Amino acid sequence: MEGKNLLRYLFFLSAIVLLLFFTLLNLPSPPSKAELLDCTTSSLWCTSKNRIQSKNPITKPNSHTADVPHHPLDPLTLTEFNRIKKIIQSYQLFKNSVYALHSVVLEEPEKKAVLNWKKGDPLPARKASVIARASRVSHVLTVDLSTGEVTRVEKNQYSGYPTMTLEDMSSVTWAPLASADFNRTVIERGVDLIDLACLPISTGWFGKAEESRRLIKVQCYSMKDTANFYMRPIEGLTVLVDLDTKEVVKITDNGKNIPIPKADNTDYRFSVQNSYQRLVNPISIEQPNGPSFTIENDHLVKWANWEFHLKPDARAGMIISRVMFRDPSSGEMRSVMYQGFTSELFVPYMDPSDAWYFKTYMDAGEYGFGLQAMPLDPLNDCPRNAYYMDGVFAAADGTPYVRSNMVCVFESYAGDIGWRHSESPITGMEIREVRPKVTLVVRMAASVANYDYIVDWEFQTDGLVRIKVGLSGILMVKGTPYVNTNQVNEQENLHGTLLSENVIGVIHDHYITFHLDMDIDGSDNSFVNVHLQREHTLPGESPRMSYLKAVRNVAKTENDAKIKLKLYDPSEFHIINPGKTTWVGNPVGYKVVPGGTAANLLDPNDPPQKRGAFTNNQIWVTPYNKSEQWAGGLFVYQSHGDDTLEEWSQRDDPIENKDIVLWYTLGFHHIPCQEDFPIMPTVSSSFDLKPVNFFDSNPILRIPPNVEKDLPICKAASAASA
């Protein structure tokens, strides 16, 4: 085959590879539903008065054609997306040009309007914020859904491009196949074109040579004999592609002496394992009376004393808004947070070689954290009685599509204790009081190529909110000629760990930055650094020589609230409402309890770190600004770092008794080990938002303990008759 026929053949092969790739990402995993006994089936019974268990998970119909907004923050509906598409098609700017929509989301009303809105009030005008590209120019538009009016938004002249579309990511992976040089190189490396799998890798920014056009790098792998092609890199082969034209700009192959790693024992699919170990019996948490939470009008979550608005988002993954807690003493619904979400992820790899130096990903701003969210797998990603929420997004041409089961909500009980106390026999009081720790979890999982991120927002009955990130999936590995560490010269830097024959796991970091618009009993709040410092006693004052004293420092401006965590110089970090106090006079507040405290150690002048400068501190506090949501900037792709949280905070604006936003970054250092091959166990870390003088007393006090009659024991019929 030659010429056009060869090109058609290669495009056909690439389409098959892409289809297989996306299919593999959605494979189900065990255990099966049959293994998790359902107490409503005829073969099962419950020992607590034959109580019937809740049979079906809380689900919503797959069709979204009838969806209508009920809340000012409800996401755009399928009907609204279709209207936006028609409005954009007739807009003068796009009539005679090829265009692509990179983002279509609700343009949220002003915060004051949302706070003043009450159920039953008319909704504020529904508008969409649209980011589009036409003729290599990016545009930010506002579309009024009622009038059809389109307004161009004046954007600051910052560097960078919008988030890639899914069409960008998929089409660019077959672009190299149009190059005869690339095809010849792949075949010379011992890989059949039909076994090829390629990935789109953002380029970062490293100088003027990369300006004036959108560029991306493509690297490829062999799928032969395994679904886990990530373990079989064609090392050193990198293709630079123009994202707009799909033109191959440059091909580099610096790995001709590096073999393709073997496929043996790399496939992760349960269905292809030769054997398996059932080390534990299937487990399921049953709820005799059904779940305790409700979801009203698709997005308003109510559980225990909590109430909040929840929606999927193409960039952030999910957004949690208007977080309220009903005070058990007064019955008042009290504000905790206006809005919280994942703002950006920064993942720099620590290999400066030609095929790796640019791997410094911004997963939200470059790829779209929500766009990469995969359907959650019932019984494995989320337990029985979970509620599943779909995302509705727009393709590059504006056509809406549904990402099913993108977010789940469920109650969790892992045998943990919320509170307990037993009296010692010496008191003469036989008291044993325990409260189980049941929580509400909101979860999503994004599969950004090889890495999977599990993000949980966990709400507790004592008023605490835990935000947890789990890292899972598969390593991005580097090919090497080495098969054993004894071949490696002591002076040679592998930039990682030899995991298997010809496979190196490269050292890398993960930073996940959260935007937390705290509204503690109102919008005007202050940030307080409660510093623990050592004090010494006076001579003869006490047998003690030293003790710790808490010193409260209220941050006046942004610079006062830039926090680098220090183990031996500890503080607590409070967000308080200085205008409201408890009955004994303490200002009401919440504190951020740090976790996942790995700090960024890159040189501040390193180009990737300039773009990721929002990781220079673990904590920042800025004045609320509707336009400052994304820590890496609105346009992250190939940005220079001129529109980041670091840049905004240099204004050093006042933040005392103001509407403020707290930013927290979870950090992970990852030095790979052999247990990360060929798949990685999930590694998690979290931080807490914990009440601090928010309540007059502990709200868990009035929560009842479990009793036997409330918890039926379900058994298979054969076991029951034995």
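Mentor: Let's start with a definition: helices (H or I, at least four residues) and strands (E, at least two) are DSSP runs, numbered from the N terminus. With that in hand, Ser-135 falls in the loop between β3 (127-134) and β4 (137-144). This is a predicted model, in which local features need pLDDT of at least 70 and side-chain atom pairs count only at pLDDT 80 or more, while totals for chains, interfaces and linings use all residues. Residues are numbered from 1 along each chain as its sequence is written, and side-chain values use heavy atoms, with hydrogens and water left out.

Trainee: What makes Ser-135 exposed?

Mentor: Its relative accessible area is 61%. Exposed means over 50%, buried under 20%, and partly exposed in between (1.4 Å probe, protein chains only). With 61%, Ser-135 is therefore exposed. The backbone is worth a look too: Ser-135 has a positive phi of about 55° although it is not a glycine.

Trainee: And why is Arg-322 called buried?

Mentor: Arg-322 has a relative accessible area of 18%, so it counts as buried. This residue lies in strand β13 (residues 317-326) and has a positive phi of about 50°, again without being a glycine.

Trainee: Why are Phe-308 and Phe-459 called stacked?

Mentor: Of the 27 aromatic pairs in the structure, this one has 4.4 Å centre to centre and 15° between the planes. Rings of Phe, Tyr and Trp (its six-membered ring) pair if their centres lie within 6.5 Å; planes under 30 degrees apart count as stacked, over 60 as edge-to-face and the rest as tilted. Phe-308 and Phe-459 are stacked on that basis. The pair links distant parts of the chain, with Phe-308 in strand β12 (residues 306-313) and Phe-459 in strand β21 (residues 451-460), 151 residues apart. Phe-308 is buried at 1% relative accessibility, and Phe-459 is buried with a relative accessible area of 1%.

Trainee: What makes the pair of Phe-346 and Phe-614 edge-to-face?

Mentor: Their ring centres are 6.4 Å apart and their planes are at 65°, so the pair is edge-to-face. Phe-346 sits in strand β14 (residues 333-348) and Phe-614 in the loop between α7 (607-611) and β31 (619-623), so parts 268 residues apart in sequence are tied together. Phe-346 has a relative accessible area of 0% and is buried; Phe-614 is likewise buried, at 0%.

Trainee: Which residues form one aromatic cluster?

Mentor: Trp-306, Phe-308, Phe-325, Phe-459, Tyr-590, Phe-694 and Phe-695. Take Phe-325: it is found in strand β13 and is buried, with a relative accessible area of 1%. Phe-325 and Val-336 are 11 residues apart in sequence and 7.1 Å apart in space, C-alpha to C-alpha.

Trainee: How do you know that the charged end of Arg-334 sits over the ring of Phe-694?

Mentor: A charge sits over a ring if NZ of Lys or CZ of Arg is within 6 Å of the ring centre and within 35 degrees of the ring normal. The charged end of Arg-334 is placed over the ring of Phe-694, 3.7 Å from its centre. Lys-359 has its charged end over the ring of Trp-356, 3.5 Å from the centre.

Trainee: Which feature does UniProt place at Tyr-451?

Mentor: The unreviewed UniProt entry gives "modified residue: 2',4',5'-topaquinone" there. UniProt positions are given in the numbering used here, feature names are shortened, and annotations may be inferred rather than shown by experiment. In the model, Tyr-451 is in strand β21 and counts as buried at 3% relative accessibility. Leaving out residues up to four places away in sequence, Tyr-451 touches several residues, among them Tyr-349, His-508, His-510, His-670 and Met-680.

Trainee: Which members of the largest nonpolar core touch the most other members?

Mentor: Trp-457, Phe-459 and Leu-516, out of 117 residues. A second, separate core of 22 residues includes Leu-76, Ile-84, Ile-87 and Val-130. A nonpolar core is a set of buried Ala, Val, Leu, Ile, Met, Phe, Trp, Tyr and Cys residues joined through side-chain atoms within 4.5 Å.

Definitions and conventions
Contact means heavy atoms within 4.5 Å.
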